[in-house]
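The sequence and the structure come first, and the description follows.

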Amino acid sequence: MPRTHGGLWLDIVDWSNLLCAYYEARRGKRYNPEVLRFEEHLEENITNIQNHLIWHTWQPGPWREFWVYDPKSRLIQAPQFEDRVVHHALVDVVGPLFERKMVKDSCACRRDKGTHYAVTQVQRQLRIAKRNWDRVYVLQADISKYFPSISHDILLRILSRTIQDKDALWLCEQIIRLYRYSGCGIPVGALTSQLFANVYLDQLDHKIKDAWGVKHYVRYMDDFVILGKSKKELWELLTRVEKYLAKELQLELNPKTRIYPANNQMINFAGYRICATHMLPRKRNIKRARQQFRQMSQRFAHGEIGFDYVEPRVMSFLGYVKHCNAWKTTSSALTELRLSRNKQFC
């Protein structure tokens, strides 16, 4: 039987917990107008949130929607700042309960983990597999339309296996049910969505690792990699994964799911190309960086942007490539960046 936890509600609605949640929610957005308006009457606003939670009259406001197109088109639905405070207050209390149950090879949206941990895990497991097997094959898959496909009923049932507190479950349901799309879907852009999405696929993690005994498995949100010693073994495992996802979680794998030999090509995962001996940056990321550097050079020459705009973007690129073997690629990409003013602007 899974261990459940009660007595969470008082910790969630505690004033000091809500205050800490406010500080976490405003991180990196200190001078955002919405944050400044909230801070102007900080004690009053936090007390107002606390009262609405205690009396179960709290309702989340409408999401703020916008599209991002890099690397692919996605609709981002971000909660209002006041709601983000509530999300942080909830996750701060219930998040650790789920964290301690998760497998170590689930890498997304977890403390001390992330893309670099994920690619390092894949490379480490690839090296181990190559030492033990004559040939290594890769099953690489991701969930089709993952966030819009998450079933509200199934998610709440999964949450109730750990959260016994009926008030905490009420708050979870208030957040989840707001996103109404035939009883499915959670928004991309909310802190709670990151936790809920991880908890949802944690069921698959334990099925693969514990029930089926798969050793070489790494998941980054809805993308995962499994290493095997034969194609037959991985095809059989893929069939089991598809059946489990369809029956238990009402999910489907992306048609791009494939099985291929690791000896002949690199594993393209979490933004890097990985093999046992080294890692390289993803080609499309380098192409995008080159385009961005050319555009910034033109805008800088015409006086549209300054060093304060260019510097963080260059440092972000350098932070990305420093984790792989890309000295020549980096040097070549940086030649696209020419920061000189046109004469009329000098």
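## Basis and overall organisation

Helices (H or I, at least four residues) and strands (E, at least two) are DSSP runs, numbered from the N terminus. The coordinates are a predicted model, in which local features need pLDDT of at least 70 and side-chain atom pairs count only at pLDDT 80 or more, whereas totals for chains, interfaces and linings use all residues. Residues are numbered from 1 along each chain as its sequence is written, and side-chain values use heavy atoms, with hydrogens and water left out.

The chain has 14 helices and nine strands, and its C-alpha trace spans about 65 × 60 × 35 Å along the principal axes. Of its 346 residues, 48% count as buried, where buried means under 20% relative accessible area, exposed means over 50%, and partly exposed lies in between (1.4 Å probe, protein chains only). Contact, here and below, means heavy atoms within 4.5 Å; among contacts between residues at least 6 apart in sequence, 73% join residues at least 24 apart.

## Nonpolar cores

In soluble globular proteins, nonpolar side chains tend to be buried together. A nonpolar core is taken as a set of buried Ala, Val, Leu, Ile, Met, Phe, Trp, Tyr and Cys residues joined through side-chain atoms within 4.5 Å. The largest such core holds 72 residues, of which Ile12, Leu53, Tyr146, Leu159 and Leu171 touch the most other members. Helix 5 supplies the largest share of this core, with 10 residues. A second, separate core has 34 residues, including Val119, Ile267, Val310 and Phe317.

Tyrosine 146, one of the residues that touch the most other members of the largest core, is in contact with Ala197, Tyr200, Leu201, Met221, Asp222 and Leu251 when its neighbours within four places in sequence are left aside.

## Packing of helix 2 against helix 5

Helix 2 (residues 15-26) packs with helix 5 at an angle of about 115 degrees, their axes being 8 Å apart; axes are lines fitted to C-alpha atoms, for helices over the stretch in contact, and angles run from 0 to 180 degrees between N-to-C directions. The crossing of helix 2 and helix 5 is right-handed, a crossing being left-handed if the near helix is turned anticlockwise from the far one by less than a right angle, and right-handed if clockwise. On the side of helix 2 the contact is made by Asn17, Leu18, Ala21, Tyr22, Glu24, Ala25 and Arg26, and on the side of helix 5 by Phe81, Arg84, Val85, His88, Ala89, Asp92 and Val93. These residues divide into eight nonpolar, two polar and four charged, with Ala, Val, Leu, Ile, Met, Phe, Trp, Tyr, Cys and Pro counted as nonpolar, Asp, Glu, Lys and Arg as charged, and the others, Gly among them, as polar.

Histidine 88, which lies in helix 5, is buried with a relative accessible area of 15%. Apart from residues up to four places away in sequence, histidine 88 touches Ala21, Glu24, Ala25 and Leu191. The C-alpha atoms of histidine 88 and glutamate 24 are separated by 7.1 Å, although these residues are 64 residues apart along the chain.

## Salt bridges

Side chains of opposite charge can pair when their charged atoms come close. A salt bridge is defined as a side-chain nitrogen of Lys or Arg within 4 Å of a carboxyl oxygen of Asp or Glu, and by this rule the count comes to 11 salt bridges. Aspartate 205 forms one with arginine 219, the closest N and O atoms being 2.8 Å apart. Because aspartate 205 lies in helix 10 (residues 191-211) and arginine 219 in strand 4 (residues 217-220), this pair ties together parts that are 14 residues apart in sequence. Aspartate 205 is buried at a relative accessible area of 0%, and arginine 219 is buried with a relative accessible area of 0%.

Arginine 110 forms a salt bridge with glutamate 99, the closest N and O atoms being 2.8 Å apart. Arginine 110 lies in the loop between helix 5 (81-99) and helix 6 (115-132), and glutamate 99 in helix 5, so the pair ties together parts that are 11 residues apart in sequence. Here arginine 110 is buried, at 8% relative accessible area, whereas glutamate 99 is partly exposed, at 30%.

Arg26, Arg30 and Glu39 are linked in a network of salt bridges, within which the side chains of glutamate 39 and arginine 30 meet at 3.7 Å, N to O. Glutamate 39 is partly exposed at 24% relative accessibility, and arginine 30 is partly exposed with a relative accessible area of 37%.

Arginine 127 is found in helix 6 and counts as partly exposed, at 37% relative accessibility. Arginine 127 touches Ala276 and Thr277, not counting residues up to four places away in sequence.
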